[in-house]
Amino acid sequence: MANEPLLQVEDVSYSYKINSKETLQVLTDVSFSVQKGEYVAIIGHNGSGKSTLSKLLNGILVPEKGQVRVKNLLTSDRTQIKEIRRTVGMVFQHPDNQIVATIVEDDIAFGLENIGVPHDEMDARITGALEAVGMSEYRYRPPHHLSGGQKQRVAIAGILAMQPECLVLDEATSMLDSYGRDDVLAIMRKLHENGMTIITVTHHMNEVIEADRVIVIAEGKIAMVGSPREIFMRQQELESLHLDVPDCSRIAKVLHQEVSSFNATAMNPEEIVSEVKRLTHVNQEESKS
């Protein structure tokens with residue numbers, strides 16, 4: 001079917017075994033789908049279950065109840081796991097945990113070897129992946145000489161070389177400074193513009209603005225779903241879940257309280273500036289009349 005989701009999560013529950021008698025329930029009856037080309041942000045407080053959810057999306061973990069389908073392949077079917085991971089690539093919080101080689105080029109080649117890409121095809125894939133993340137000049141450098149942001153770009157390149165249809169980023173910017181975070185976000189933006197499906201798990205609210213849809217996880221369940229604008233208008237509910245809103249959303253709300261005609265849904269600096277210009281123009285026109 002043309003509109004069949006790329007990824008489906010159906011009534012998924014998951015718990016961790018603490019000891020022989022106790023388990024910790026992390027996810028309970030979670031259901032959602034992701035369409036091809038969509039940009040989805042998953043947010044939640046620490047311990048909400050969002051990182052566990054991300055690991056279920058390409059079969060690193062398998063649901064104990066319910067099912068996850070990637071292009072209609074069940075992640076619980078381990079005979080299909082190679083195809084599932086060709087479709088859904090994962091980037092983790094700590095880039096050092098994904099980098100295994102002593103040279104950038106070799107690190108990217110490692111993933112390609114694991115999925116059986118012919119050697120005569122590898123060079124073009126490595127070149128394309130490094131170009132996509134702006135790291136071509138570092139191809140023959142040792143990864144441990146790179147900054148945190150550069151290492152994360154190499155980790156992303158390693159996944160991109162495998163040509164997935166969907167990229168899942170599990171807190172991929174949380175260990176980076178603002179410059180490294182901006183670099184990774186720019187790459188995500190570019191990949192999405194080129195048609196890649198993006199799923200980002202994050203606690204940085206300013207990163208959520210660019211998503212098409214936001215899924216809020218609380219206590220292992222879906223608490224809210226909506227566009228970033230819809231979600232950030234529910235500031236009190238977010239705060240009750242120990243979540244914040246982007247700086248610009250907070251500023252817009254304060255300005256709306258002071259000037260009722262100010263658009264309280266402004267989410268980014270461009271919208272704030274545009275709204276200030278609009279109101280300035282209105283005031284100028286009123287002063288002339």
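**Close-up views of a predicted model**

**View 1. Tyr 14 is a buried ring residue in an aromatic pair.** Tyr 14 has 13% relative accessibility, so it counts as buried (under 20% relative accessible area; exposed is over 50%, partly exposed in between; 1.4 Å probe, protein chains only). Tyr 16, at 32%, counts as partly exposed. This is a predicted model, in which local features need pLDDT of at least 70, side-chain atom pairs count only at pLDDT 80 or more, and totals for chains, interfaces and linings use all residues. Residues are numbered from 1 along each chain as its sequence is written, and side-chain values use heavy atoms, with hydrogens and water left out.

**View 2. The count comes to 1 aromatic pair.** Ring centres of Tyr 14 and Tyr 16 lie 5.1 Å apart, with planes at 75 degrees, so the pair is edge-to-face. Rings of Phe, Tyr and Trp (its six-membered ring) pair if their centres lie within 6.5 Å; planes under 30 degrees apart are stacked, over 60 edge-to-face, the rest tilted.

**View 3. An open sheet of 4 strands runs in the order β2-β1-β4-β5.** The pairing is antiparallel. Strands are DSSP runs (E, at least two residues), numbered from the N terminus, and two of them pair if DSSP finds at least two bridges between them. β2 (23-34) and β5 (73-74) stand at the edges; each has a single partner strand, so one side of each lacks a neighbour in the sheet.

**View 4. Strand β1 meets β2.** β1 spans residues 7-17. 8 bridges join β1 to β2, and the two run antiparallel. Val 12 stands opposite Val 30 in β2.
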